[in-house]
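I opened a new notebook page for this structure. I wanted the helix packing first, then the overall figures.

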Amino acid sequence: MVAPESYAQLALVLVVFGLTFFVANRIQKYVPFFAQARPDSPLSPLRKAAGKLGRYLFPLLTVLVLSFAVEISAALLGQSWLVRTALTLAMLLIYNALIRDYVSNHFIASVLRWVGLPVLFLHLLDLLGPIIGILESMQVTIGNIEISAYGVVRVLIFGSLLFWLGRLSNNTGQEVIRRQEKLDVQTKELAAKLLEVSIFVVVFLLLLQVMGINLTALAVLGGAIGVGLGFGLQAIASNFISGIIILLDRSVTVGDFIELEDGRSGEVRQLTLRSTTLETYDGKDIMVPNEKFVTGTFTNWTHKNKKQRYRVDFSVAYDSDIRKLVEIIKETVAAHEQVISGPDIPFEERPDCEIDSFGDSGVNMFVEFWMYGIDDGKNRVGGDLLLLIFEAMRDNGFTIPFPQREVRVLKEKMPSS
């Protein structure tokens with residue numbers, strides 16, 4: 001500790017810290033891309049990630065420069081233990097900071113911190129090789145399978161790391177895709193699902209490599225298993241393929257109002273590669289297998305055009321002035337805020353009142369109108385119009401007929417005695 005070389009190394013470490021701190025501040029000041037953004041700022045995920053990366057400019061530059069400083073100290077001073085110690089501590093601090101800022105899962109964070117930190121520390125001290133040899137010697141043989149302590153630790157560490165990286169990549173990638181305003185909803189959903197499947201396959205294959213499983217033998221075994229599972233999992237495979245077809249042909253998208261063959265209906269809330277979720281107006285969710293939309297028949301009310309035409313039926317007494325009533329009903333229906341009306345609207349889309357038929361007790365009439373959305377739930381217009389029609393007829397002296405029957409009693413002649 002009292003040797004001049006130790007003080008020279010300490011001076012070199014301080015110079016490195018001062019230089020990298022100055023450079024990192026200059027970069028953050030003159031390159032706004034690395035400036036840290038507020039948590040509530042409406043920025044893209046990549047921009048927020050770059051802002052987080054800006055906090056690591058100083059430690060990363062310090063590690064980079066200290067790596068060169070170790071070689072310089074060894075060449076000029078003949079020793080570099082103090083510089084190497086500073087480099088080791090800096091790398092451990094960066095590793096712990098990354099876990100703290102980017103790993104939200106408590107279990108994975110614990111594994112990376114309590115297992116990964118000691119492993120990284122031993123690796124930096126060149127003590128990991130002998131320990132690996134000791135762990136490899138601690139093994140158990142079960143038939144043709146050999147399980148070593150090193151293999152278990154390796155799978156535990158790299159499996160947790162791969163799981164975390166896959167989850168982080170999936171969440172970030174899907175958020176980036178869904179923020180692309182130039183893409184429509186179907187394309188975003190398709191790209192997000194394909195990204196999720198691709199990441200899952202890559203993570204699974206990498207985990208198999210970490211476990212030491214031969215992928216060539218696995219491919220042969222997987223082919224045999226795939227043939228067997230193909231018969232037992234036909235429905236799952238069919239729904240998976242159907243989900244891709246739906247996303248490609250864009251026959252169903254989020255926000256569409258779907259009516260199935262059995263009469264059930266609801267608004268599409270979520271599209272997955274297995275099923276589609278329809279939300280009814282009474283708060284229930286209907287899980288529909290994707291195969292139903294490919295092989296079956298359904299009605300998409302709002303896919304191409306959000307405008308829908310509806311009709312409301314009513315009756316009036318026979319002695320009424322029908323022509324006058326028609327104009328009153330048109331004006332009454334057109335006054336509703338959700339009914340499409342006005343002089344700039346095409347004539348065929350304006351409210352129209354007509355006679356439907358002649359009933360037993362009165363004239364059966366109806367009024368047709370156009371509106372945006374479905375006449376149900378929060379857009380319940382038909383009930384409002386029935387009330388308006390009733391009030392308009394009452395205020396203008398029109399009578400709504402009710403069933404009437406005329407009974408005549410015929411007096412029979414008494415037979416003469």
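**Helix packing notes**

I began with the contact between helix 3 and helix 4. On the helix 3 side I listed Pro-59, Leu-60, Val-63, Leu-66, Ser-67, Ala-69, Val-70 and Ser-73; they meet Val-83, Arg-84, Ala-86, Leu-87, Ala-90, Met-91 and Ile-94 of helix 4. By class, the residues of this contact are 12 nonpolar, 2 polar and 1 charged. I kept in mind that the model is predicted.

Next I looked up the geometry. Helix 3 and helix 4, the latter spanning residues 81–102, pack at about 160° with axes 9 Å apart. The two are therefore roughly antiparallel, as angles over 145 degrees count as such. I noted a left-handed crossing for this pair.

Then I turned to helix 1 (residues 4–30) against helix 3 (residues 57–77). Their packing angle is about 150°, and the axes lie 9 Å apart. Helix 1 and helix 3 are therefore roughly antiparallel as well. The crossing of helix 1 with helix 3 is right-handed. Helix 1 contributes residues including Leu-12, Val-16, Phe-17 and Ile-27, and helix 3 contributes residues including Phe-58, Leu-61, Val-65 and Leu-77. I recorded 15 nonpolar, 5 polar and 1 charged residue for the contact of helix 1 with helix 3.

Last, I took the overall figures. The protein has 13 helices and 10 strands. Of its 417 residues, 31% are buried. Among contacts with a separation of 6 or more, 59% join residues 24 or more positions apart.

How values were computed
Residues numbered from 1 in each chain as written. Predicted model: local features only at pLDDT ≥ 70, side-chain atom pairs only at ≥ 80, totals over all residues. Heavy atoms only, no water. Axes fitted to C-alpha atoms, helices over the stretch in contact; angles between N-to-C directions. Helix = DSSP H or I, 4+ residues; strand = E, 2+ residues; numbered from the N terminus. Parallel < 35°, antiparallel > 145°, perpendicular 65-115°, else oblique. Left-handed = near helix turned anticlockwise from the far one by under 90°. Contact = heavy atoms within 4.5 Å. Nonpolar A, V, L, I, M, F, W, Y, C, P; charged D, E, K, R; others polar. Buried < 20%, exposed > 50% of the residue type's maximum accessible area, 1.4 Å probe, protein only.
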